[in-house]
Amino acid sequence: MTVIYNRVALIGLGLIAGSMAHAMRESGLAGEITGYARSEATRDTAREIGLCDCICDSATEAVTGADLVVLAVPVGAMGDVAAEIAPHLAPGATVTDVGSVKQAVIDAVGPHIPEGVHFIPGHPLAGTEHSGPRSGFATLFRNRWWLLTPLPGSDVQATDRLSRLVAAMGAKTDRMEPGHHDLVLAVTSHAPHLIAYTMVGVADHLSRVTDEEVIQYSAAGFRDFTRIAASDPTMWRDVFLHNKEATLDILGRFTEELFVLQRAIRMGDGDQLFDYFSRTRAIRRGII
Ligand code: NAD
(Lines give C-alpha, C1' and ligand atoms only; values in the text may rest on other atoms or scores of the structure.)
Protein backbone atom coordinates (compact mmCIF):
# COMPACT_ATOMS: atom_id res chain seq x y z
CA MET A 1 0.00 0.00 0.00
CA THR A 2 1.05 3.59 -0.39
CA VAL A 3 1.62 6.22 2.23
CA ILE A 4 -1.54 8.35 2.59
CA TYR A 5 -0.28 10.77 5.26
CA ASN A 6 3.37 11.63 5.88
CA ARG A 7 3.01 12.24 9.59
CA VAL A 8 0.05 11.14 11.71
CA ALA A 9 -0.32 12.36 15.30
CA LEU A 10 -2.44 10.24 17.65
CA ILE A 11 -3.68 12.10 20.72
CA GLY A 12 -4.86 9.57 23.30
CA LEU A 13 -3.24 6.15 23.14
CA GLY A 14 -6.00 3.70 23.98
CA LEU A 15 -7.95 1.01 22.14
CA ILE A 16 -8.86 3.10 19.10
CA ALA A 17 -5.60 5.03 18.60
CA GLY A 18 -3.59 1.87 19.34
CA SER A 19 -5.57 -0.09 16.75
CA MET A 20 -5.06 2.72 14.22
CA ALA A 21 -1.30 2.65 14.88
CA HIS A 22 -1.16 -1.11 14.33
CA ALA A 23 -3.36 -0.98 11.20
CA MET A 24 -1.46 1.94 9.63
CA ARG A 25 1.91 0.35 10.33
CA GLU A 26 0.88 -3.06 9.03
CA SER A 27 -0.10 -1.54 5.68
CA GLY A 28 2.46 1.28 5.53
CA LEU A 29 -0.19 4.00 5.38
CA ALA A 30 1.71 6.65 7.34
CA GLY A 31 5.29 7.85 6.85
CA GLU A 32 5.66 8.46 10.56
CA ILE A 33 3.34 8.12 13.57
CA THR A 34 3.69 10.25 16.69
CA GLY A 35 1.63 9.79 19.82
CA TYR A 36 0.71 11.47 23.07
CA ALA A 37 -1.46 10.54 26.06
CA ARG A 38 -2.02 12.59 29.18
CA SER A 39 -0.91 9.94 31.64
CA GLU A 40 2.80 9.30 31.95
CA ALA A 41 2.17 5.63 32.68
CA THR A 42 0.30 5.30 29.36
CA ARG A 43 3.14 7.02 27.49
CA ASP A 44 5.67 4.69 29.15
CA THR A 45 3.65 1.62 28.16
CA ALA A 46 3.27 2.91 24.61
CA ARG A 47 7.05 3.42 24.38
CA GLU A 48 7.71 -0.02 25.85
CA ILE A 49 5.55 -1.78 23.24
CA GLY A 50 6.78 0.47 20.40
CA LEU A 51 3.28 1.61 19.51
CA CYS A 52 4.41 4.69 17.52
CA ASP A 53 7.65 5.94 15.98
CA CYS A 54 7.78 8.63 18.65
CA ILE A 55 5.84 9.08 21.90
CA CYS A 56 5.98 12.77 22.76
CA ASP A 57 5.72 14.39 26.19
CA SER A 58 3.24 17.00 25.01
CA ALA A 59 0.31 17.10 22.60
CA THR A 60 1.75 20.20 20.95
CA GLU A 61 5.01 18.42 20.17
CA ALA A 62 3.13 15.42 18.78
CA VAL A 63 1.06 17.49 16.33
CA THR A 64 3.88 19.70 15.08
CA GLY A 65 4.41 18.97 11.39
CA ALA A 66 1.59 16.40 11.25
CA ASP A 67 -0.62 16.31 8.17
CA LEU A 68 -3.22 14.22 10.05
CA VAL A 69 -4.11 14.68 13.72
CA VAL A 70 -6.44 12.13 15.32
CA LEU A 71 -8.20 13.07 18.56
CA ALA A 72 -8.74 9.72 20.30
CA VAL A 73 -9.45 10.88 23.85
CA PRO A 74 -12.75 10.62 25.78
CA VAL A 75 -15.47 12.83 24.30
CA GLY A 76 -15.40 15.25 27.25
CA ALA A 77 -11.68 15.96 26.75
CA MET A 78 -11.83 16.75 23.00
CA GLY A 79 -12.42 20.51 23.34
CA ASP A 80 -9.53 21.12 25.75
CA VAL A 81 -7.15 19.07 23.62
CA ALA A 82 -8.21 20.98 20.48
CA ALA A 83 -7.64 24.33 22.23
CA GLU A 84 -4.17 23.24 23.31
CA ILE A 85 -2.97 21.97 19.92
CA ALA A 86 -4.67 24.58 17.72
CA PRO A 87 -1.76 27.08 17.53
CA HIS A 88 0.60 24.25 16.52
CA LEU A 89 -1.39 22.78 13.63
CA ALA A 90 0.22 22.99 10.21
CA PRO A 91 -1.70 24.84 7.47
CA GLY A 92 -3.44 22.30 5.22
CA ALA A 93 -3.44 19.62 7.95
CA THR A 94 -6.53 17.54 8.68
CA VAL A 95 -7.89 17.08 12.20
CA THR A 96 -10.28 14.21 12.79
CA ASP A 97 -11.67 12.61 15.92
CA VAL A 98 -12.98 9.15 16.72
CA GLY A 99 -15.49 10.16 19.39
CA SER A 100 -18.64 8.10 19.89
CA VAL A 101 -20.76 11.28 19.88
CA LYS A 102 -20.58 13.75 17.01
CA GLN A 103 -22.56 16.96 17.54
CA ALA A 104 -21.08 17.74 20.99
CA VAL A 105 -17.55 17.08 19.70
CA ILE A 106 -18.13 19.34 16.71
CA ASP A 107 -19.39 22.09 19.04
CA ALA A 108 -16.39 21.67 21.36
CA VAL A 109 -13.62 21.24 18.79
CA GLY A 110 -14.84 23.23 15.77
CA PRO A 111 -14.32 26.74 17.18
CA HIS A 112 -10.64 26.01 17.92
CA ILE A 113 -9.69 24.84 14.43
CA PRO A 114 -7.71 27.56 12.67
CA GLU A 115 -8.44 28.81 9.16
CA GLY A 116 -6.72 26.60 6.58
CA VAL A 117 -6.91 23.43 8.72
CA HIS A 118 -9.56 20.84 7.79
CA PHE A 119 -11.75 19.41 10.55
CA ILE A 120 -13.48 16.19 9.52
CA PRO A 121 -15.20 14.42 12.43
CA GLY A 122 -15.49 10.64 12.37
CA HIS A 123 -16.50 7.58 14.37
CA PRO A 124 -15.35 3.99 13.86
CA LEU A 125 -18.18 1.62 14.79
CA ALA A 126 -15.72 -0.85 16.20
CA GLY A 127 -14.62 -1.55 19.71
CA THR A 128 -14.19 -4.04 22.49
CA GLU A 129 -14.73 -3.78 26.24
CA HIS A 130 -10.95 -3.35 26.67
CA SER A 131 -9.08 -0.05 26.92
CA GLY A 132 -5.57 1.33 27.17
CA PRO A 133 -2.44 1.22 24.99
CA ARG A 134 -2.07 -2.57 25.08
CA SER A 135 -5.64 -3.25 23.94
CA GLY A 136 -5.32 -2.19 20.28
CA PHE A 137 -4.99 -4.60 17.36
CA ALA A 138 -4.60 -4.14 13.60
CA THR A 139 -7.81 -5.86 12.52
CA LEU A 140 -10.23 -3.99 14.81
CA PHE A 141 -11.70 -1.95 11.95
CA ARG A 142 -11.87 -4.70 9.35
CA ASN A 143 -15.34 -4.85 7.73
CA ARG A 144 -16.71 -2.43 10.32
CA TRP A 145 -18.36 0.89 9.48
CA TRP A 146 -16.45 4.13 9.99
CA LEU A 147 -18.83 7.06 9.75
CA LEU A 148 -17.57 10.48 8.72
CA THR A 149 -19.71 13.52 9.55
CA PRO A 150 -18.13 16.30 7.46
CA LEU A 151 -19.38 19.81 8.06
CA PRO A 152 -21.07 21.91 5.39
CA GLY A 153 -18.22 23.30 3.32
CA SER A 154 -15.70 20.63 4.41
CA ASP A 155 -12.92 20.30 1.86
CA VAL A 156 -13.81 17.49 -0.56
CA GLN A 157 -10.23 16.41 -1.23
CA ALA A 158 -9.37 16.32 2.47
CA THR A 159 -12.51 14.27 3.19
CA ASP A 160 -11.72 11.83 0.36
CA ARG A 161 -8.16 11.43 1.60
CA LEU A 162 -9.37 10.56 5.09
CA SER A 163 -11.88 8.11 3.59
CA ARG A 164 -9.01 6.44 1.73
CA LEU A 165 -7.08 5.97 4.99
CA VAL A 166 -10.12 4.53 6.73
CA ALA A 167 -10.79 2.14 3.83
CA ALA A 168 -7.12 1.11 3.74
CA MET A 169 -7.43 0.09 7.41
CA GLY A 170 -10.19 -2.30 6.31
CA ALA A 171 -13.27 -0.27 7.29
CA LYS A 172 -16.38 0.49 5.24
CA THR A 173 -17.04 4.23 5.11
CA ASP A 174 -20.22 6.22 4.99
CA ARG A 175 -21.15 9.83 5.63
CA MET A 176 -23.90 11.04 7.93
CA GLU A 177 -25.31 14.22 9.37
CA PRO A 178 -23.97 14.56 12.98
CA GLY A 179 -27.34 14.84 14.76
CA HIS A 180 -28.67 11.81 12.91
CA HIS A 181 -25.49 9.92 13.80
CA ASP A 182 -26.12 10.63 17.49
CA LEU A 183 -29.70 9.31 17.30
CA VAL A 184 -28.72 6.16 15.38
CA LEU A 185 -25.91 5.44 17.85
CA ALA A 186 -28.20 6.05 20.82
CA VAL A 187 -30.25 3.07 19.56
CA THR A 188 -27.44 0.82 18.42
CA SER A 189 -24.84 1.47 21.09
CA HIS A 190 -25.46 4.03 23.83
CA ALA A 191 -28.79 2.78 25.26
CA PRO A 192 -27.64 -0.90 25.11
CA HIS A 193 -24.52 -0.02 27.10
CA LEU A 194 -26.58 1.78 29.75
CA ILE A 195 -28.99 -1.14 30.02
CA ALA A 196 -26.07 -3.60 30.33
CA TYR A 197 -24.51 -1.51 33.10
CA THR A 198 -27.92 -1.41 34.81
CA MET A 199 -28.39 -5.19 34.63
CA VAL A 200 -25.07 -5.69 36.45
CA GLY A 201 -26.20 -3.08 38.99
CA VAL A 202 -29.49 -4.96 39.52
CA ALA A 203 -27.63 -8.25 40.12
CA ASP A 204 -25.31 -6.47 42.54
CA HIS A 205 -28.15 -4.96 44.58
CA LEU A 206 -30.11 -8.18 45.12
CA SER A 207 -30.10 -9.35 48.70
CA ARG A 208 -31.43 -12.88 48.15
CA VAL A 209 -28.93 -13.72 45.38
CA THR A 210 -25.29 -13.28 46.32
CA ASP A 211 -22.56 -11.79 44.08
CA GLU A 212 -20.82 -15.18 44.25
CA GLU A 213 -23.92 -16.92 42.86
CA VAL A 214 -24.22 -14.38 40.04
CA ILE A 215 -20.58 -14.94 39.07
CA GLN A 216 -20.64 -18.72 39.47
CA TYR A 217 -23.94 -19.34 37.71
CA SER A 218 -23.67 -16.57 35.14
CA ALA A 219 -25.71 -18.17 32.39
CA ALA A 220 -25.22 -17.27 28.73
CA GLY A 221 -27.86 -14.53 28.92
CA PHE A 222 -26.23 -12.53 31.69
CA ARG A 223 -22.69 -13.20 30.48
CA ASP A 224 -23.34 -12.30 26.81
CA PHE A 225 -25.65 -9.42 27.55
CA THR A 226 -23.39 -7.70 30.08
CA ARG A 227 -20.01 -8.13 28.33
CA ILE A 228 -20.11 -4.47 27.32
CA ALA A 229 -20.63 -3.41 30.94
CA ALA A 230 -16.90 -4.08 31.39
CA SER A 231 -16.17 -1.03 29.17
CA ASP A 232 -14.24 2.03 30.30
CA PRO A 233 -16.26 4.17 32.78
CA THR A 234 -14.72 7.50 31.73
CA MET A 235 -15.52 6.93 28.08
CA TRP A 236 -19.13 5.97 28.82
CA ARG A 237 -19.74 8.72 31.36
CA ASP A 238 -18.73 11.18 28.65
CA VAL A 239 -20.91 9.54 25.98
CA PHE A 240 -24.04 9.89 28.13
CA LEU A 241 -23.25 13.43 29.22
CA HIS A 242 -22.75 14.47 25.59
CA ASN A 243 -25.53 12.55 23.87
CA LYS A 244 -28.14 13.37 26.47
CA GLU A 245 -31.26 14.11 24.40
CA ALA A 246 -31.03 11.15 22.03
CA THR A 247 -30.18 8.70 24.81
CA LEU A 248 -33.06 9.90 27.00
CA ASP A 249 -35.42 9.65 24.01
CA ILE A 250 -34.44 6.03 23.33
CA LEU A 251 -34.49 5.09 27.04
CA GLY A 252 -38.02 6.51 27.29
CA ARG A 253 -39.13 4.28 24.44
CA PHE A 254 -37.30 1.32 25.97
CA THR A 255 -39.11 1.84 29.27
CA GLU A 256 -42.50 1.96 27.48
CA GLU A 257 -41.84 -1.34 25.70
CA LEU A 258 -40.60 -2.91 28.91
CA PHE A 259 -43.83 -1.95 30.66
CA VAL A 260 -45.83 -3.56 27.83
CA LEU A 261 -43.94 -6.83 28.29
CA GLN A 262 -44.12 -6.57 32.07
CA ARG A 263 -47.90 -6.23 31.81
CA ALA A 264 -48.13 -9.17 29.39
CA ILE A 265 -46.24 -11.36 31.88
CA ARG A 266 -48.45 -10.20 34.77
CA MET A 267 -51.62 -10.88 32.74
CA GLY A 268 -50.31 -14.22 31.47
CA ASP A 269 -50.70 -12.99 27.89
CA GLY A 270 -48.64 -15.66 26.12
CA ASP A 271 -49.83 -14.62 22.66
CA GLN A 272 -48.52 -11.11 23.11
CA LEU A 273 -45.15 -12.35 24.38
CA PHE A 274 -44.88 -14.90 21.56
CA ASP A 275 -45.76 -12.33 18.87
CA TYR A 276 -43.33 -9.79 20.29
CA PHE A 277 -40.46 -12.28 20.51
CA SER A 278 -41.20 -13.68 17.01
CA ARG A 279 -41.07 -10.20 15.49
CA THR A 280 -37.93 -9.13 17.33
CA ARG A 281 -36.22 -12.48 16.66
CA ALA A 282 -36.73 -11.98 12.91
CA ILE A 283 -35.19 -8.51 13.13
CA ARG A 284 -32.26 -9.72 15.25
CA ARG A 285 -31.56 -12.62 12.87
CA GLY A 286 -31.19 -10.10 10.06
CA ILE A 287 -28.24 -8.50 11.89
CA ILE A 288 -25.04 -10.39 11.22
P1 NAD B 1 -9.17 4.35 25.98
O2 NAD B 1 -9.66 4.54 27.37
O3 NAD B 1 -8.65 3.02 25.57
O4 NAD B 1 -8.05 5.46 25.66
C5 NAD B 1 -8.21 6.82 25.90
C6 NAD B 1 -6.85 7.47 25.88
O7 NAD B 1 -6.99 8.88 26.02
C8 NAD B 1 -5.91 7.02 26.99
O9 NAD B 1 -4.64 6.83 26.43
C10 NAD B 1 -5.88 8.22 27.95
O11 NAD B 1 -4.63 8.31 28.63
C12 NAD B 1 -6.02 9.35 26.95
N13 NAD B 1 -6.53 10.62 27.50
C14 NAD B 1 -7.60 10.82 28.30
N15 NAD B 1 -7.77 12.15 28.51
C16 NAD B 1 -6.78 12.78 27.82
C17 NAD B 1 -6.41 14.13 27.64
N18 NAD B 1 -7.10 15.12 28.21
N19 NAD B 1 -5.33 14.41 26.86
C20 NAD B 1 -4.62 13.42 26.27
N21 NAD B 1 -4.92 12.11 26.42
C22 NAD B 1 -5.99 11.80 27.17
O23 NAD B 1 -10.36 4.84 25.04
P24 NAD B 1 -10.78 4.40 23.55
O25 NAD B 1 -11.69 3.23 23.65
O26 NAD B 1 -9.58 4.32 22.67
O27 NAD B 1 -11.69 5.65 23.18
C28 NAD B 1 -11.15 6.83 22.63
C29 NAD B 1 -12.25 7.57 21.90
O30 NAD B 1 -12.79 6.69 20.91
C31 NAD B 1 -13.41 8.01 22.78
O32 NAD B 1 -13.83 9.30 22.39
C33 NAD B 1 -14.50 7.00 22.47
O34 NAD B 1 -15.78 7.59 22.58
C35 NAD B 1 -14.19 6.62 21.04
N36 NAD B 1 -14.60 5.26 20.64
C37 NAD B 1 -14.45 4.21 21.49
C38 NAD B 1 -14.88 2.95 21.08
C39 NAD B 1 -14.79 1.76 22.01
O40 NAD B 1 -15.55 0.80 21.86
N41 NAD B 1 -13.86 1.74 22.95
C42 NAD B 1 -15.41 2.75 19.80
C43 NAD B 1 -15.48 3.85 18.93
C44 NAD B 1 -15.07 5.11 19.37
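Across the interface of domain 1 and domain 2, one salt bridge is found (a side-chain nitrogen of Lys or Arg within 4 Å of a carboxyl oxygen of Asp or Glu). The side chains of Arg227 and Glu129 meet in a salt bridge, with 2.8 Å from N to O. The model is predicted, so local features need pLDDT of at least 70 and side-chain atom pairs pLDDT 80 or more, while totals for chains, interfaces and linings use all residues. Residues are numbered from 1 along each chain as its sequence is written, and side-chain values use heavy atoms, without hydrogens and water.

Domain 1 covers 5–176 and domain 2 covers 180–285, with bounds from an automatic or database domain assignment. Their centres, taken over C-alpha atoms, are 31 Å apart. Each domain gives 16 residues to the contact (heavy atoms within 4.5 Å).

The size of an interface is often given as the accessible area lost when the parts come together. Here about 1,300 Å² is buried between domain 1 and domain 2, and carbon and sulfur atoms give 68% of this area (1.4 Å probe, summed over both parts). Six residue pairs, both at pLDDT 80 or more, are in polar contact between the domains (N or O atoms within 3.5 Å, one able to donate a hydrogen and the other to accept it).

| Residue (backbone atom) | Ligand atom | Distance |
|---|---|---|
| Leu13 | oxygen | 3.0 Å |
| Arg38 | nitrogen | 3.2 Å |
| Gly132 | oxygen | 2.8 Å |

The protein covers 88% of the 840 Å² of accessible area that the ligand has on its own (Shrake-Rupley method, 1.4 Å probe).

How values were computed:
Buried area = accessible area lost by both parts, 1.4 Å probe. Polar contact = N/O pair within 3.5 Å; in protein donor to acceptor, adjacent residues only side chain to side chain.
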